[in-house]
Amino acid sequence: TEIANRTRRLWYPANIWTVAGTGTPDYAYRGSTANPYDKMPAYAFDGAAQEDIGLTVLLPSDAVTGTITPRIHWAPSDGNAGNVLWQLLVGSLAAADQIDEGFALIGSVTAATPAVADQYTISAMNTITPTNITDLLRVVVRRDAVSGTDTYDAHDAWFIGLEILYTGDS
């Protein structure tokens with residue numbers, strides 16, 4: 001979807017991610033309502049652990065070498081106040097690379113909870129420049145609740161999806 005000038009966005013919802021790395025965030029339909037049809041599919045990232053989910057993506061061919069802006073879509077599980085530390089790790093693979101190349105922490109955002117249970121929240125990370133945007137990108141989203149920066153203690157943060165803004169070449 002084109003949103004401004006040549007800026008495009010990609011959407012990676014929770015249901016296409018898998019547990020990766022540390023912790024075991026659980027996937028389910030989330031929300032306080034009793035009606036299951038009104039709930040949102042999301043991963044519950046624990047408030048007392050570091051947990052990761054991962055995905056492998058190939059950006060569209062109209063992406064130019066340059067920057068991307070990741071945005072975390074999420075909601076707090078209850079009405080308590082605090083900060084949630086979201087991190088983005090990316091590994092870039094080109095042809096002939098080993099598939100177990102390392103990841104680099106390339107983005108983070110400390111997001112204040114809205115102190116309203118289930119409130120849909122979008123938190124933008126800093127703009128980043130992958131080493132080669134045409135490569136295969138291995139992406140990990142992490143909540144680091146044990147970092148000291150994350151103060152939404154003992155409360156789940158519900159990951160709804162990752163949006164990536166990028167610049168198209170036409």
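Good morning, colleagues. Please bear in mind that the model before you is predicted.

I begin with the interior. In general terms, nonpolar side chains in soluble globular proteins tend to be buried together. Here, the largest nonpolar core comprises 31 residues. Which of its members touch the most others? They are Trp-17, Trp-86 and Phe-159. Several strands supply at least two residues each to this core, including strand 2 (7–13), strand 7 (63–76), strand 9 (104–112) and strand 11 (136–144). The greatest contribution is that of strand 12, which gives 5 residues.

Let us look at Trp-17 in detail. A separate core lies apart from the largest one; it has 5 residues, among them Ala-42, Ala-44, Trp-158 and Ile-160.

I turn now to strand 11. Is this strand largely enclosed or open? Strand 11 is largely enclosed by the rest of the structure, because 8 of its 9 residues are buried. As for its partners, strand 11 pairs with strand 6 in the antiparallel sense, over 9 bridges. Within that part of the structure, Asp-52 has Arg-142 of strand 11 as its bridge partner. Strand 11 also pairs with strand 8, again in the antiparallel sense, over 8 bridges.

Thank you for your attention.

Methods
Residues numbered from 1 in each chain as written. Predicted model: local features only at pLDDT ≥ 70, side-chain atom pairs only at ≥ 80, totals over all residues. Heavy atoms only, no water. Core = buried A, V, L, I, M, F, W, Y, C linked by side-chain atoms within 4.5 Å. Buried < 20%, exposed > 50% of the residue type's maximum accessible area, 1.4 Å probe, protein only. Helix = DSSP H or I, 4+ residues; strand = E, 2+ residues; numbered from the N terminus. Pairing = 2+ DSSP bridges.
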